[in-house]
Amino acid sequence: FHHEKAFTMSNEIYGRKHMDTAESLDSMGLANVNLGRLEEGLKNHLEALQITKEILPPNHIKIAHRYNNLGNAYQALKKHQEQLECQQKALQIKEEYYGENHVHTAASYNNVGRAYENLGNYEEALKFGEKAVQIERNIVGDNHP
C-alpha cells in the first residue's frame, strides 16, 4: 500500500520519466513479487527498468540493480532464460562499475550461476558459482567465517 501511494505521489509530482518514479515502481515490484503477485511485480520491474534506461547512461549501476530485480522476478515466474539474460546484463554492468573483485560482482556471478542451474546447465552453474567464491576469497581471505 505504501509503495503504491509513493508511486502515485511521485508520478503526480515529477511525472513518469523521473528516477523517484522508477524507484517507486521498483519497490512496488519487489513487494508484489514477495506477495506472490508475480505478473504485477514483473510489470513494475519492466517499467522501472524502461524509465531508468531513458534517464541514465546504459552502464549506470542503477540499471544493473533493475536488471537484477527483474531477473529475480523472472526466476519466481520460472522464466529462466529471461532470468539468465537479465542477470548477465547486471553482471556486465557491475564488472564495469565495480571491477571483478567486489562483493556485488561476486553476487552477480552467483545470480548468473543460479540461472544456469535453473536451466539445467550445471556445468556453467558450477563455473559461475566457483567464480563467485573465488572473488569472495580474494576479498575476505580463506579464514573468514
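**Exercise 1.** State which residues of H6 are buried, and what they pack against.

*Solution.* The buried residues of H6 are Thr105, Ala106, Ser108, Tyr109, Asn111, Val112, Gly113, Ala115 and Tyr116, where buried means under 20% relative accessible area with a 1.4 Å probe, protein chains only. They pack against H4, helix H5 (80-98) and helix H7 (122-140); contact here means heavy atoms within 4.5 Å. Helices are DSSP runs (H or I, at least four residues), numbered from the N terminus.

The model is predicted, with local features needing pLDDT of at least 70 and side-chain atom pairs counting only at pLDDT 80 or more, while totals for chains, interfaces and linings use all residues. Residues are numbered from 1 along each chain, and side-chain values use heavy atoms, leaving out hydrogens and water.

**Exercise 2.** Describe the surroundings of Ala106.

*Solution.* Start with its place: Ala106 is found in helix H6. Next, its relative accessible area is 0%, so Ala106 is buried. Then list its contacts: Ala106 touches Ala132, Ile135 and Glu136, not counting residues up to four places away in sequence. Finally, Ala106 and Ile135 lie 29 residues apart in sequence, and their C-alpha atoms are 5.9 Å apart in space.

**Exercise 3.** Decide how H3 and H4 are oriented to each other, parallel or antiparallel.

*Solution.* First take the axes, which are lines fitted to C-alpha atoms over the stretch in contact, with angles from 0 to 180 degrees between N-to-C directions. Those of helix H3 (residues 38-55) and helix H4 (residues 61-76) come within 9 Å and cross at roughly 160 degrees. Angles over 145 degrees count as roughly antiparallel, and H3 and H4 are therefore roughly antiparallel to each other.

Notes. Helix = DSSP H or I, 4+ residues; strand = E, 2+ residues; numbered from the N terminus. Parallel < 35°, antiparallel > 145°, perpendicular 65-115°, else oblique. Buried < 20%, exposed > 50% of the residue type's maximum accessible area, 1.4 Å probe, protein only.
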